[in-house]
Amino acid sequence: MITISKVNKGRNAFYEVELSNGEVLRVSEDTLIAYRLLKDREITEAEIAEIKKASNEDAGFQLALNYLSYQMRTEKEIYSYLKEKEIELSDRKKIVARLREMNLLDDTTFGESFVRTQMRLGDKGPRVIKQKLKEKGLSDQDIEKSLVLYEEESQYKIALQTAEKAMRKFHNKSVRETQQKLQQTLMTKGFSSDIIKLVIDTLDFQEVQEQEDNALEIQGDKLWQRNQRFDTAKRKQKIKQSLYQKGFSLDAIDVFLAKKEEEDDE
């Protein structure tokens, strides 16, 4: 008959139970108490098999608790983490159910908290947030519940702040190109076309407008140098097309090209 020769306090919340056959069982305090694992107690092979099975679930549970101690997690994240730690699927299911019963795991609460954090600290619109929540494993129903918190007024405010910040990085561009880049930025961030239109209509482009002539000169000079290998007609055509695509007016472009031709003739 196998007996327990020694019980030691191990790392974290586990105990090491040494058996007379040289085997060592790593168990939680709950398992220790449930199976009355005391020194000199006789233990059967069947009990050892049971304890090992219970210990695997306990080990996974402790891993999950530690993983949750850093921040909130979704059910999918817990499943993935435990799988990486080689916890069996049957134990993963039990652990997730246990965490749910303890109110330590709730995808709806996670989604709402995530949306609030994004509203407070982020610059993302509903579409990007929705995608992030989907990647974290939330159901469509939980995602929709969470996004209800992100009202249009908040979307507009965050989109406006994002656009104003982005606008400071745009230099030497026409008003039209600046607006196009802002639209693209806000679309990439996940805001709707209605919110983007409201933001563009709100922004003041007077300073950009005042700098447009200077921007045309700067971009035009670069293009004039870049296309110097072409004959005059083709050179002007390529520059005109490029500047027009960047939002500069045809009249202003013609004035610039005429000036460059005069300079070359001198």
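**Exercise 1. Pairing within the sheet**

Task: How many bridges join E1 to E2, and in which direction do these strands run?

Solution. 
- Step 1. Count the bridges: five join E1 to E2.
- Step 2. Read the direction: E1 and E2 run antiparallel. This is a predicted model.
- Step 3. Pick out a residue pair. Lys9 stands opposite Tyr15 in E2.
- Step 4. Turn to the next pairing. Strand E2, residues 14-19, is joined to E3 by five bridges, and these two run antiparallel.
- Step 5. Find residue partners here too. Tyr15 has Val27 in E3 as its bridge partner. For Glu16, the bridge partner in E3 is Arg26.
- Step 6. Look at the link. E2 and E3 make a hairpin with four residues between them. Gly22 lies in the turn and has a positive phi of about 90 degrees.

**Exercise 2. A helix crossing**

Task: At what angle do the axes of H5 and H7 cross, and which residues make the contact?

Solution. 
- Step 1. Locate the helices. H5 spans residues 107-121 and H7 spans residues 140-147.
- Step 2. Take the geometry. Their axes come within 8 Å and cross at roughly 40 degrees.
- Step 3. Classify the angle. Angles under 35 degrees count as roughly parallel and 65 to 115 as roughly perpendicular. H5 is therefore oblique to H7.
- Step 4. Assign the hand: the crossing of H5 and H7 is right-handed.
- Step 5. List the contact. H5 supplies Asp107, Thr108, Gly111, Glu112 and Val115. H7 supplies Asp142, Lys145, Ser146 and Leu147.
- Step 6. Sort these residues by type. Two are nonpolar, three polar and four charged.

**Exercise 3. The whole chain**

Task: What radius of gyration does the protein chain have, and what would a compact globule of 266 residues have?

Solution. 
- Step 1. Take inventory: the protein chain holds 14 helices and four strands.
- Step 2. A compact globule of 266 residues would have a radius of gyration near 18 Å.
- Step 3. Compare: the protein chain has 33 Å.
- Step 4. Along the principal axes, the C-alpha atoms fill roughly 110 × 45 × 25 Å.

Technical notes
Residues numbered from 1 in each chain as written. Predicted model: local features only at pLDDT ≥ 70, side-chain atom pairs only at ≥ 80, totals over all residues. Heavy atoms only, no water. Pairing = 2+ DSSP bridges. Axes fitted to C-alpha atoms, helices over the stretch in contact; angles between N-to-C directions. Parallel < 35°, antiparallel > 145°, perpendicular 65-115°, else oblique. Left-handed = near helix turned anticlockwise from the far one by under 90°. Contact = heavy atoms within 4.5 Å. Nonpolar A, V, L, I, M, F, W, Y, C, P; charged D, E, K, R; others polar. Rg over C-alpha atoms; globule rule 2.2 N^0.38 Å.
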